[in-house]
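Subject: Structure handover

Hello,

I am passing on the structure we talked about. Please look it over before reading my notes.

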Amino acid sequence: MSYTRDPRVDAYIDALPAWQQAICQEVRDLVHEADPELAETIKRTVQPYFVLQGNVCALLAAKNHVNVFLYDGAIVPDPEGIITGGHDNKTARMISVRQGEEINKPALLTMFRQIIANNRAGGWRKIKARG
């Protein structure tokens, strides 16, 4: 897959253990697959963010897992139950992926595409306000 890579995101991923690198790269490729206009950047000094007319997702490696934060205002459906935390969070929910776990790529790709569509429609805050 070809996309514009932010060297700061490369540096973040490259500094991780191999198993976390693999998870982060898999998510990175998947979010870029969701929309070719998506951009990557660093926010909060070191955290990789993927944006398109607003935040789509972010990565944060922890000691024994990788968190994928989905910036959806908890309005994107999760019919396959891949969300592991932040169910009541008003801004973002997360998926924690541990070493050896498989990412449900079809479900995550669908969620990324919905978040991007919501961003293009004005963002989840406006969508929630409309009811």
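Below are notes on a hairpin, a helix pair and one further helix.

This is a predicted model: local features need pLDDT of at least 70, side-chain atom pairs count only at pLDDT 80 or more, and totals for chains, interfaces and linings use all residues. Residues are numbered from 1 along each chain as its sequence is written, and side-chain values use heavy atoms, without hydrogens and water.

Helices (H or I, at least four residues) and strands (E, at least two) are DSSP runs, numbered from the N terminus.

Strand 1 (residues 39-43) and strand 2 (residues 47-51) run antiparallel and are joined by five bridges; pairing requires at least two DSSP bridges. Ala39 has Val51 as its bridge partner. Three residues lie between the strands, and Arg44 has a positive phi near 55°.

Helix pair. Helix 1 (residues 7-14) packs on helix 2 at about 150°, with the axes 9 Å apart. The axes are lines fitted to C-alpha atoms over the stretch in contact, and angles run from 0 to 180 degrees between N-to-C directions. The two helices are therefore roughly antiparallel (over 145 degrees). Contacts (heavy atoms within 4.5 Å) join Val9, Asp10, Ile13 and Asp14 of helix 1 to Gln21, Cys24, Gln25 and Arg28 of helix 2.

Helix 3. Its buried residues (under 20% relative accessible area, 1.4 Å probe, protein chains only) include Leu108, Phe112 and Ile115. The buried residues of helix 3 pack against helix 2 (18-34) and strand 5 (93-98), among others. Gly122, with a positive phi near 115°, follows helix 3.

Regards

Key:
Buried means under 20% relative accessible area, exposed over 50%, partly exposed in between (1.4 Å probe, protein chains only). Angles under 35 degrees count as roughly parallel, over 145 as roughly antiparallel, 65 to 115 as roughly perpendicular and the rest as oblique.
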